Amino acid sequence: CSVQPLEVFAGEPVTATATGSNFAPKHTVKYSWTGTGVKVAGSEASTQIDTAGLAAGTYPVTASLSDGTKHGVANCTGSFTVKQPRPPVIACSPDPASVAIGGTSTIHSTASRPAGRTLSYSYTASTGQISGTGDSATLNTSGAQPGPITITCNVSDDRTTPLTASATTMVTVEAPPAPAPEIKELEGKLA
């Protein structure tokens with residue numbers, strides 16, 4: 001028995017093949033497949049194994065071959081491994097990191113793509129408004145009070161049950177400068 005490929009991520013196809021010898025030459029060899037922890041079906045020398053939804057681990061598959069005679073029976077076992085999927089990794093940073101009230105900052109995200117998966121991005125902010133769904137978003141600080149704003153950058157892959165990751169960064173909203181003493185004195189006189 002041979003299994004190809006030997007290592008896959010859940011959902012990727014696997015092919016098992018049984019090759020027999022020394023069977024009665026005038027008899028047709030019949031194949032029967034079974035698996036441990038995995039559904040295997042088929043009555044041919046090769047069969048496709050559905051790995052969708054399988055947890056990480058090693059899965060054996062067994063082929064039983066028979067030519068219909070008393071001694072024309074053989075079994076073989078092969079196995080494949082479902083690898084633990086790696087979630088994406090994300091880092092994000094603001095540009096600029098400090099803005100005046102009502103100013104904007106662009107949030108840049110850099111994420112890895114394990115196994116070539118398509119990634120989706122989303123963002124949240126502790127205050128202000130953030131918009132964007134790609135690898136960058138814009139934070140608008142209109143209505144925000146002076147101080148730090150925490151931005152959470154999220155990424156998920158395109159699996160049926162997505163693997164996700166998140167990172168945070170900060171943007172500081174600066175208070176407007178206090179009026180110069182001369183202006184305060186002039187305002188007092190004018191009042």
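Modeller: A term first: buried means under 20% relative accessible area, exposed means over 50%, and partly exposed lies in between (1.4 Å probe, protein chains only). This is a predicted model, where local features need pLDDT of at least 70, side-chain atom pairs count only at pLDDT 80 or more, and totals for chains, interfaces and linings use all residues. Residues are numbered from 1 along each chain as its sequence is written, and side-chain values use heavy atoms, with hydrogens and water left out.

A disulfide here is a pair of cysteine sulfur atoms within 2.5 Å. The search of the whole structure gives two disulfides. With bonded cysteines counted along the chain, their pattern is 1-2, 3-4.

Take C1 and C76. Their S to S distance is 1.9 Å. The torsion about the S-S bond is about 60°, so this disulfide is right-handed. It links distant parts of the chain, 75 residues apart. C1 lies in the segment before strand 1 (2-4), and C76 lies in strand 7 (residues 73-83). Strands (E, at least two residues) are DSSP runs, numbered from the N terminus. C1 is partly exposed at 35% relative accessible area. C76 is buried at 17%.

Now C92 and C153. Their sulfur atoms are 2.4 Å apart. The angle about the S-S bond is 95°, and the link is right-handed. C92 belongs to strand 8 (residues 90-95) and C153 to strand 14 (residues 147-157), so the pair ties together parts 61 residues apart in sequence. C92 is buried, with 15% relative accessibility. C153 is buried too, with a relative accessible area of 0%.

Conventions. Helix = DSSP H or I, 4+ residues; strand = E, 2+ residues; numbered from the N terminus.
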